[in-house]
Amino acid sequence: MKRSLFILAVLCLALLVASQAFATGKKEGAAPKVERFAFSTSNVGGTWYTMAGGITTLFNEKLGDRYMLDFVASGGSVENTRRLALGEADMALSYGYHLYEAQKGTGILEGKPSNKGTIMFEIYDSSIYFVATKASGITKMSDVQGKRVVLGPPGSGSSDNSRRVLQSLGIKVIEQELAFADGARAIQDGQADVLGMSGHPSSGIVELANTRDIIVIPFSNEEMDRIVRETPFFTRGQIQANVYKGQTQVVQCPYFVVYLAASKDMSADAVYQAMKVFFSDEGKAKLISVHSQFKPMREGKEGAAQIGIPFHPGAVKFWNEKK
């Protein structure tokens, strides 16, 4: 009798454990559930599309047993930052001034302030420039007046940057918004005159330069003075010679800061582990091999303070350990 009661008690305990495991979706010895995050990136043919591919691949190779990044294509910084602010993305490539506008509820998120955007690290200072074919006869920015200009993809930072620069210079154009690759083809096929771009080198322009003689349109000192005065988030910069085929001179142009940003709701451990991977010797070397724009990646504390955007708690832990 006692033996029967003992066996019954063991069976009841086993059933209880099994039912609890079933309720929680766990099985004894099963691997822990992988947590997935949405990474809002860029458009095919743009600089970020290549860079985001490198980030996603490295993250998933090193952390895929616990965390996974899902690559989500987008128009670019405007769409990325909106997704981040609205809780539709966990990680994103963003311009500093878009993060600022999202937090303040101005510009790209007029009347809808959000504190979800946080900084992981500064990736690089990025260029803003315009490209045309030499056959167009365009040699300076004032020649762009009245031309058909592809600003960039809808919802992209490139489109926003192009529009801000043109407005600050008082240059009126016939605006078009196309994906990067489509914009380059529009120039090649004579359906547009000028293409606006952020970041270099861009695969779409590399392809264009291999089929047409191009000009990366230089900004004069006076134009740069006006742009920096009218748009304080932009600074002076240069595109070094020979970035593109036939571009033999250094080109002066506006610059802005690009960040890898994360939602404040993203797991602190996931961000911390990602930072360790990205800034390890192996990780950084792999990222640089994907795109040279990863070379200057750094904390970016001064720039973050200037726009008033906090670092993610996982990033704070990483940077504190680096000191």
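**Exercise 1.** Determine which residues the ring pairs link into a cluster.

Solution. Rings of Phe, Tyr and Trp (its six-membered ring) pair if their centres lie within 6.5 Å. Ring pairs join W48, Y95, Y97, Y100, F233, F234 and F256 into a cluster. By this rule, the count comes to 16 aromatic pairs.

The model is predicted: local features need pLDDT of at least 70, side-chain atom pairs count only at pLDDT 80 or more, and totals for chains, interfaces and linings use all residues. Residues are numbered from 1 along each chain as its sequence is written, and side-chain values use heavy atoms, with hydrogens and water left out.

**Exercise 2.** Classify the ring pair of Y129 and Y244 as stacked, tilted or edge-to-face.

Solution. Planes under 30 degrees apart count as stacked, over 60 as edge-to-face and the rest as tilted. The ring centres of Y129 and Y244 are 6.3 Å apart and the planes are at 40°, so the pair is tilted. Y129 lies in strand β4 and Y244 in the loop between β9 and β10, 115 residues apart. Buried means under 20% relative accessible area; Y129, with 0%, is therefore buried, and Y244, at 2%, counts as buried.

**Exercise 3.** Describe how helices α2 and α9 pack.

Solution. Helix α2 (residues 47–63) and helix α9 (residues 268–278) pack at about 110°, with their axes 10 Å apart. Angles of 65 to 115 degrees count as roughly perpendicular, and α2 and α9 are therefore roughly perpendicular to each other.

Terms used: Axes are lines fitted to C-alpha atoms, for helices over the stretch in contact, and angles run from 0 to 180 degrees between N-to-C directions. Helices (H or I, at least four residues) and strands (E, at least two) are DSSP runs, numbered from the N terminus. Angles under 35 degrees count as roughly parallel, over 145 as roughly antiparallel, 65 to 115 as roughly perpendicular and the rest as oblique. Buried means under 20% relative accessible area, exposed over 50%, partly exposed in between (1.4 Å probe, protein chains only).
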